[in-house]
Amino acid sequence: MDPIPTWIIRDAKNELLPTITDIINASLRSSEVPTSMKSAVVTPLLKKATLDPEILKNYRPVSNLSFVSKVLERVVAQRLTSYMTDNNLHEYLQSAYKPGHSTETALVKVQNDILTSIDQHGIVILILLDLSAAFDTIDHDVLFSRMESTLGITGPALEWFRSYLGDRTLRVQIDDSFSASQEILWSVPQGSVLGPLLFLIYLLPLGILIRKHGLELHAYADDTQLYISIKPINQRVVDEGVAKLENCLTDIYTWMSQNKLKLNADKTEVLVMGTPQMRAKISIPSITVNGVIVPVLNEPVGNLGAVFDPNMNMSAHVSKGIKSANYHLRNIGKIRKFLNTDTTKSAIVSLVTSRLDYCNGLLCGITDELLCRLQKVQNNAARVVSGSKKYDHITPVLKDLHWLPIRKRIEFKILLLTFKCMQGCAPLYLRELLVKQANTRTLRSNTKNLLQIPLTNLKRFGDRAFCAYAPRLWNELPDNIKAADSVQNFKKQLKTLLFRKEFN
């Protein structure tokens with residue numbers, strides 16, 4: 001799409017910047033996006049390696065756009081994001097494409113709500129909704145109407161967005177072959193900077209709809225999960241909760257149909273979570289989504305890269321991470337003799353440690369057995385890097401590599417999220433879970449920036465919730481670390497503290 005490679009543009013940015021700036025300003029002044037910036041080459045990418053390549057819906061159409069068009073989009077996206085943030089127009093339980101938000105922060109919030117509900121002797125019904133080709137069916141007229149009525153975007157700004165989405169074309173590339181150019185009448189381009197943000201604007205009414213039914217929700221792009229907590233006093237109470245859930249799903253299906261979106265009932269997953277004793281008291285064999293019967297699963301389900309199971313003990317998530325980490329560790333071990341120590345360490349960190357660390361904020365309070373299984377993988381990785389033998393003592397090796405053990409890595413992640421909450425740079429939905437202790441008496445402890453620790457009933461559930469686990473760790477930190485002036489300084493001081501506690 002570009003006449004010269006992007007790296008040359010970056011290297012010559014001092015010479016090209018005035019021209020690029022003029023192009024962007026001209027587009028913003030005239031509310032027009034040049035036609036040359038609205039042509040895309042689409043490369044179909046298989047969503048998962050395990051999917052059938054012969055089925056077209058298993059591909060994701062990723063648009064390759066020109067460099068300057070993406071720079072223009074980034075300028076507009078930053079201004080649009082600032083406008084929505086300043087005017088509190090975002091769906092705050094939507095975690096995609098926002099600074100400080102991630103799949104992990106979203107899952108920590110959902111897990112916290114589930115564990116808290118179970119701790120209060122309830123059960124939680126979790127629904128994972130599946131949308132078909134969500135980005136590809138966006139109706140531009142509906143989107144513009146929403147931007148005008150909901151966000152208050154009018155005049156030249158709205159006209160710029162009309163020009164941006166109007167008269168777009170694409171060609172599909174497979175190997176060295178190209179299709180004929182095709183005009184795009186719907187959708188927002190995947191692979192663009194603005195496309196995801198416009199998609200989130202399109203979905204803004206969905207959160208309002210779900211809350212009207214009294215359900216909790218969380219979304220990450222087009223992955224939406226809603227859940228309801230029920231105290232299983234008797235079967236009638238449970239049936240009423242299920243009916244409320246089904247009414248909400250019916251309204252969601254209707255709303256999506258009206259907005260040119262498709263809820264895929266066949267791929268919607270339902271999980272009932274709680275203690276085995278609580279789940280044994282009730283019967284929820286299935287729920288109905290627009291006439292389609294969806295069975296309740298009694299097995300773990302994937303959720304934004306993590307794995308939730310009915311007991312919420314995270315054993316399935318740990319097993320998945322171990323399996324993936326061991327796969328890469330074995331492959332690295334096979335070529336270890338061809339690699340030097342630094343290269344091996346880099347490969348281990350990027351391919352193995354990253355699997356152990358992904359969403360480890362969900363692993364607070366897990367059993368010692370699960371921690372030992374994770375620690376065994378890290379120990380094996382350390383042996384591959386150092387060349388130590390199977391029965392050599394591993395503690396000196398971990399110390400030399402400056403690797404925190406698994407338990408400390410989990411504590412590090414929880415404390416980092418807590419610090420970001422205290423500094424106001426974490427998602428609002430996490431900040432709301434932490435409450436500072438009130439200064440009821442004049443004590444030196446009141447100067448320590450302590451957090452309230454909520455009372456819990458069940459140690460293996462309530463104590464593991466972020467709202468309870470994080471304050472306990474935070475209150476034990478020294479004052480000088482709590483008072484760090486930046487995230488980087490906090491991480492540095494915290495790692496030093498945890499490292500000394502473990503190895504000194």
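**Reading the fold step by step**

Analyst: Start with a bend: helix α12 has a kink of about 40°, centred on Val349. The bend at a residue is the angle between axes fitted to the seven residues ending there and the seven starting there. Helices (H or I, at least four residues) and strands (E, at least two) are DSSP runs, numbered from the N terminus.

User: What should I know about the model and its numbering?

Analyst: This is a predicted model, where local features need pLDDT of at least 70, side-chain atom pairs count only at pLDDT 80 or more, and totals for chains, interfaces and linings use all residues. Residues are numbered from 1 along each chain as its sequence is written, and side-chain values use heavy atoms, with hydrogens and water left out.

User: Which residues of α12 are buried, and what covers them?

Analyst: Buried means under 20% relative accessible area, exposed over 50%, and partly exposed in between (1.4 Å probe, protein chains only). In α12 the buried residues are Thr344, Ala347, Ile348, Val352, Thr353, Leu356 and Asp357. Their cover includes α11 (315-334), α13 (368-386) and α15.

User: How many helices and strands does the protein have?

Analyst: There are 19 helices and 13 strands. The radius of gyration is 25 Å, close to the 23 Å that the globule rule gives for 504 residues, so the protein is as compact as a globular protein of that length. That radius is taken over C-alpha atoms, and the globule rule is 2.2 Å times the number of residues to the power 0.38. Along its principal axes, the C-alpha trace spans about 65 × 65 × 60 Å. Of the 504 residues, 46% count as buried.

User: How do I read contacts along the chain?

Analyst: Contact means heavy atoms within 4.5 Å. Take the contacts with a separation of 6 or more: residues 24 or more positions apart account for 70% of them.

User: What is a nonpolar core, and which residues have the most contacts inside the largest one?

Analyst: The general idea first: in soluble globular proteins, nonpolar side chains tend to be buried together. A nonpolar core is a set of buried Ala, Val, Leu, Ile, Met, Phe, Trp, Tyr and Cys residues joined through side-chain atoms within 4.5 Å. Here the largest core has 148 residues, and those with the most contacts inside it are Ile125, Leu226, Ile252, Phe308 and Phe490. Helix α15 (residues 406-423) gives the most to this core, with nine residues. Now look at Ile125. Leaving aside neighbours within four places in sequence, its contacts include Leu226, Tyr227, Val242, Val270 and Ile284.

User: How many salt bridges are there?

Analyst: Again, the idea first: side chains of opposite charge can pair when their charged atoms come close. A salt bridge is a side-chain nitrogen of Lys or Arg within 4 Å of a carboxyl oxygen of Asp or Glu. By this rule the count comes to 10.

User: Could you show me some of them?

Analyst: Glu91 and Arg211 meet in a salt bridge, at 2.5 Å from N to O. The pair links distant parts of the chain, 120 residues apart: Glu91 is in the loop between α3 (67-86) and α4 (103-119), and Arg211 is in helix α8 (residues 204-212). Glu91 is buried at 14% relative accessible area, whereas Arg211 is partly exposed at 35%.

Asp357 lies in α12 (residues 341-357) and Arg409 in α15, so the pair ties together parts that are 52 residues apart in sequence. Both Asp357 and Arg409 are buried.

User: Why are Asp113 and Lys109 separated by about one helical turn?

Analyst: Because Asp113 and Lys109 are four residues apart in helix α4. They form a salt bridge, with the closest N and O atoms 3.2 Å apart. Both are buried.

User: Why is α17 described as largely enclosed?

Analyst: Eight of the 10 residues of helix α17 (residues 466-475) are buried, so the rest of the structure largely encloses it. Among them are Phe466, Tyr469 and Trp474. The cover includes α4, α15, α16 (428-431), α18 (479-482) and α19 (487-503).

User: Is Thr150 buried or partly exposed?

Analyst: Thr150 is partly exposed, with a relative accessible area of 41%. Thr150 sits in the loop between α5 (140-149) and α6 (155-165). Not counting residues up to four places away in sequence, Thr150 touches Leu89, Ser145 and Leu204.
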